[in-house]
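Here is a structure to explore by question and answer. Take a look before reading on.

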Amino acid sequence: ISSYAIEYSILTNKSNSLSFQSLRNKQIYLDANVIYRALGINGEAREVLTKTFLQKFNDVGEKLIITKFTEEEFKDSIKFHINNIRRFNNPRVSSSVYVENSFNEEICNFYHKWRSKRVNSSTDLFLAHIYNLYDEFVKKYNITIEKKCPYNIEDEHIQSQLREMSAQIYSQKQQQDNTAYENSAYIDAENTLWIETKRGNKCNNIHETGYFLISTDQVLRRWDYLRNDNIPIVLLPSQWLSIILRFLNRTNDDYKSFVNFLNLRHLQFLRSNEQAISGEKLQIILAGISEITADVETQRGLMNILVENRFKDIINGDKDDETIFERAKYFAKSETDKRIEELKQNQDDLKNTVNSLTDLKSKQERARQELEASKEKAIKDKERLLKNKEEALSAAVNQYNIAIKVGRDSYVASKMRNSRISTAFFNIITL
C-alpha cells in the first residue's frame, strides 16, 4: 500500500499553483476500448473508474468526441461478439455456472450477468440493451459524434498512407496477440490520421497540441510514440488523467479516488496471476457440456473438474471453436457415463446389500419362528405333562377315596356283624 500511495501521489500531486489554461479545452477522441469500459462490458470496477475519468474531462472543459469510424467499429464489434455468443447459445447453459468460472471481464461475462436477471434472454434484446447503454453514455458525457472525415477517403495517396500505417500497427499487434484483426488495425490508422490531420503543424508541445486519442491499447500507444518526435496522438487514460490531476485540479474526494486507484491496481494484480481462458471459449465449452446435461449442479461439477485440470485436452493447441465444442461435449458425456456407471455399480452394491439383509432377515425370521414353535411345543408338552400329573393325582385320590370308603364300609360292616354276634351270644347266654 505504501508503494501505491507514492505512485498515486506522483500522479496527483500539484507541482505548483500555476493555472495552465493551455491544457484546457482540448479535443479528446475516445477509442472503442474506452467505450467498452464505460458501458461496464469490461467489468464494474473499470466502469466506475472510466466514468470518473470521463466526468473529470467534463469538469475541466475538455470536449469528448467519437469518430464515425470508432462508432462503426464499436457497433460492428458488438454484433460480431454477439454473433459468436449466438452460435453456441443454448437455453440449457447455466449463466450462474458461467459467471462463477469466468475470470475475464468481457462481453460474454457481461451477457451472462445480464441474462441471469431476465426471463427473456434473447441475444437480439441484449444487442438492443448495449446500444441503449451507448446512447445514454453519449448523452450523459456530452460526447460529439464526428461524421465528417477531415481527409478525402477516396484519395489514392490517403489510401496508400492508411494501408502503410495499418500494416505497421497490425504487425506489432500480431507480435503481441496472434488473434489481432487487420480491420481493427485499419480503423486505428484511420483514427490516427484523422487526429493527425486535425492537428496540422500544431503538435510540437502539449500546450499547443489540441487533439488527442484516449485508448487502452498499449501496442497502438507504443507504435504512435515511436514513429516520430511529435507529441503522441495516443495516450492512455491514466496518462491524461495524471495531467489533469497534476496541473488543473484535484478530485473532489481524494480519499475515494485513492481507494479506487488501489482497487484497480489490486484487480490488475489478480488478473495478471490468473490462468484464464477467453470468455468466448468458456461459452463454447459450457455450451458443449449443456448438450449433455441441463442440470445446473452437474454443469457446475463438470466445470470444476475442467478448471482443476486447466482445461486439459479441451483447448490444447490452436483448436477451432467446433473442435472445442465437440471436445467439451465428449468430456461431458464421458464423465456423465462414468458417473452413471458408478451409480449403477453403487446401485448393484446396494441391491446386493439389500438382498443380503433380506436373506439375513429371512433367516432371523425362520429362527424366530422355530424358536417360537419350540417354545410353544415346550409349553404344550409341559401342559400335557402337568395334565397327566393332575389326572394321575386325581386317579390316585379317587382310588384312595374308594379305598377309604371300602375300608370304612368294611369296618362298619364288621362292626355291625360283630354287634349282631355279640347280641346273639348275649341272648344265648341269657337264655
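Q: At what angle do helix 4 and helix 6 pack?
A: This is a predicted model, where local features need pLDDT of at least 70, side-chain atom pairs count only at pLDDT 80 or more, and totals for chains, interfaces and linings use all residues. Residues are numbered from 1 along each chain as its sequence is written, and side-chain values use heavy atoms, leaving out hydrogens and water. Helix 4 covers residues 68–87 and helix 6 covers residues 107–115. Their axes lie 10 Å apart, and the packing angle is about 65°.

Q: Are helix 4 and helix 6 roughly parallel or roughly perpendicular to each other?
A: Angles run from 0 to 180 degrees between N-to-C directions, with axes as lines fitted to C-alpha atoms, for helices over the stretch in contact. Under 35 degrees counts as roughly parallel, over 145 as roughly antiparallel, 65 to 115 as roughly perpendicular and the rest as oblique. Helix 4 and helix 6 are therefore roughly perpendicular.

Q: Which residues of helix 6 meet helix 4?
A: Contact means heavy atoms within 4.5 Å. Helix 4 brings Ile-78, His-81, Ile-82 and Ile-85. From helix 6 come Ile-107, Cys-108 and Tyr-111.

Q: How many nonpolar residues does the contact of helix 4 with helix 6 have?
A: Ala, Val, Leu, Ile, Met, Phe, Trp, Tyr, Cys and Pro count as nonpolar, Asp, Glu, Lys and Arg as charged, and the others, Gly among them, as polar. The contact of helix 4 with helix 6 has no charged residues and 1 polar residue. The nonpolar count is 6.

Q: How are helix 8 and helix 10 oriented to each other?
A: Helix 8 spans residues 156–176, and helix 10 spans residues 218–227. Their axes are 10 Å apart, at an angle of about 130°. Helix 8 and helix 10 are therefore oblique.

Q: Which residues of helix 10 meet helix 8?
A: Helix 8 contributes Met-165, Gln-168, Ile-169, Gln-172, Lys-173 and Gln-176. By class, this contact has 5 nonpolar, 3 polar and 3 charged residues. The partners in helix 10 are Val-219, Leu-220, Arg-222, Trp-223 and Arg-227.

Q: What is the strand order of the open sheet?
A: Helices (H or I, at least four residues) and strands (E, at least two) are DSSP runs, numbered from the N terminus. Two strands pair if DSSP finds at least two bridges between them. The sheet has 5 strands with parallel pairing, in the order 3-2-1-4-5.

Q: Which are the edge strands?
A: An edge strand here pairs on one side only. The two are strand 3 (144–146) and strand 5 (234–235).

Q: Which residue in strand 5 is the bridge partner of Ile-214?
A: Strand 4 (residues 211–214) pairs with strand 5 in the parallel sense over 2 bridges. The partner of Ile-214 is Leu-235.

Q: Which residue in strand 4 stands opposite Ile-28?
A: Strand 1 pairs with strand 2 over 3 bridges, and with strand 4 over 4 bridges. Tyr-29 stands opposite Ile-65 in strand 2. Opposite Ile-28 is Phe-212.

Q: Are the residues on both faces of strand 1 buried or exposed?
A: Gln-27 and Tyr-29 lie on one side, with Ile-28 and Leu-30 on the other. Buried means under 20% relative accessible area, exposed over 50%, partly exposed in between (1.4 Å probe, protein chains only). These four residues are all buried.

Q: Which residues does Lys-63 touch beyond four places in sequence?
A: Lys-63 sits in strand 2. With a relative accessible area of 37%, Lys-63 is partly exposed. The residues touched are Lys-26, Gln-27, Ile-28 and Thr-144.

Q: How far apart are the C-alpha atoms of Ile-153 and Glu-190?
A: Ile-153 is in the loop between strand 3 and helix 8. The two residues are 37 residues apart along the chain. Their C-alpha atoms are separated by 9.3 Å.
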